[in-house]
Amino acid sequence: MHTKEQHSKQTKPIENDCFLRALNRQPVDRTPIWVMRQAGRYLPEYLKVRAQAGSFMNLCRTPELAAEVTLQPVNRFALDASIVFSDILVVADVMGCDLHFVEGEGPQMRKPIRSAADLKACVQPDVQETLSYVMDTIRLVKQGLNQRVPLIGFSGSPWTVACYAVEGSGSREFSVIKSMLYRDPALLHSILAAIQKVTAEYLLAQVEAGVDVLMIFDTWGSLLSPTLYQHFDLHYVRPIIAAIKAKAPHIPVIFFTKGGGLWLETQADLGCAALGLDWTVSLKDARARVGNRVALQGNLDPSALLGSPESIEQAVQAVLADFGPGNGHIFNLGHGIQKETPPEHLQHCIEAVHRYSPAYHQGV
């Protein structure tokens, strides 16, 4: 394993920097591609390691196994980035919510934050210590990648993490946190501020461990009205991005609100390098709305990968044509890859991006 000192002295450049150049809206020969949840249940090799780990959290907390599944997709496919295997809710876990996963039901918090007393009982953890397993995973992955492609670190947005920390589990309506928002907004603001502080420290610790890019997943921003999205979501994302820019200005940040296509202009003002888009947004319209302020990442419907090779190729062509000629596009899905996806279908998708995207970069 690399020590921090060894890692800091690593000077070998990243061999395939197509993704980094696209994030910075620089010229590329073709559109880079990676996919959300690319290390996951659609891969048979992942399922073997997951069974070996015994539970999802054991897999996350065992750096050797987490590094192995992180590397699986980039070893199998010609992807342009790797993303560390972890979960957005580890922040809530180390704050004291006691995260566990129930098969078929998803994440559960044994100690949700639903009162001022619950919040007072929460800890402001030393993330280098409590989340050292993530940092060790990152160092092992960097060693395994040997600078082939960039490595993405990530977190959830404070609002999204709070949705689970307050609700206690996943939900369709998230009525517990929504009722708190209206009944006791001051308490919710205090919870979000606490999560924001830990999240910023966590992302910066990932940078120190060796990631090249950061992504903030805002899965549940679309639960909010435009005004509440500003006050309870972006208000707590903005200082995180500012802290990263202040302490690690070389690290690009991607921000993704699922279902957040109505608010792209506001998102583009956050200071991030790129915005993730789901499949409900036209890339052409998004590009017109945000101009050259940010790169755009997306936005193939994950269900498209359940189709035939011919339909996958057509869907890829449609996404590339929607963005059109020029730089600043990272091909991705509009959300995580589905567990039912045959791996060879992702292979078809990647090959189609490689085949058709160079035409959009010639003479640009």
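Helices (H or I, at least four residues) and strands (E, at least two) are taken here as DSSP runs, numbered from the N terminus. By that count, the secondary structure of the protein chain comes to 17 helices and nine strands. The radius of gyration of the chain, taken over C-alpha atoms, is 20 Å, close to the 21 Å that the globule rule (2.2 Å times the number of residues to the power 0.38) gives for 364 residues, so the chain is as compact as a globular protein of that length. Along the principal axes, its C-alpha atoms fill a box of roughly 60 × 45 × 40 Å.

This is a predicted model, in which local features need pLDDT of at least 70 and side-chain atom pairs count only at pLDDT 80 or more, while totals for chains, interfaces and linings use all residues. Residues are numbered from 1 along each chain as its sequence is written, and side-chain values use heavy atoms, with hydrogens and water left out.

Seven strands form an open sheet in the order 1-4-5-6-7-8-9, with parallel pairing, where two strands pair if DSSP finds at least two bridges between them. Its edge strands, each pairing on one side only, are strand 1 (82-83) and strand 9 (329-330). Within this order, strand 4 (residues 151-156) and strand 5 (residues 213-218) pair in the parallel sense over five bridges, and Phe154 has Met215 in strand 5 as its bridge partner. Strand 2 and strand 3, by contrast, pair in the antiparallel sense over four bridges, with Gly106 in strand 3 as the bridge partner of Val102. Their hairpin has three residues between the strands, and Gly104 takes a positive phi near 85 degrees there.

A pocket is defined on a 1 Å grid over the protein atoms alone, as an open set of points where a 1.4 Å probe fits, with protein on both sides within 12 Å along at least five of seven lines, and its lining residues have an atom within 4 Å of a point. The largest pocket holds about 1,600 Å³ of space, and of the 45 residues that line it, Arg37, Arg41, Phe56, Asp87 and Phe101 are the closest to its centre. The lining divides into 23 nonpolar, 13 polar and nine charged residues, where Asp, Glu, Lys and Arg count as charged, Ala, Val, Leu, Ile, Met, Phe, Trp, Tyr, Cys and Pro as nonpolar, and the others, Gly among them, as polar.

The structure also holds 12 salt bridges, each a side-chain nitrogen of Lys or Arg within 4 Å of a carboxyl oxygen of Asp or Glu. In one of them, Arg289 joins Glu265, with the closest N and O atoms 2.8 Å apart; because Arg289 lies in helix 15 (residues 283-290) and Glu265 in helix 14 (residues 264-268), the pair ties together parts that are 24 residues apart in sequence. Another joins Glu313 and Arg355 at 2.8 Å, N to O, and since Glu313 lies in helix 16 (residues 309-323) and Arg355 in helix 17 (residues 343-356), this pair ties together parts that are 42 residues apart in sequence.

Of the 364 residues of the protein chain, 58% count as buried, meaning under 20% relative accessible area, against over 50% for exposed and partly exposed in between (1.4 Å probe, protein chains only). Arg355 is partly exposed at 43%, as is Glu313 at 27%.

Note on methods:
Grid points are joined across faces, edges and corners, and a volume is the space filled by probe spheres set on the points.
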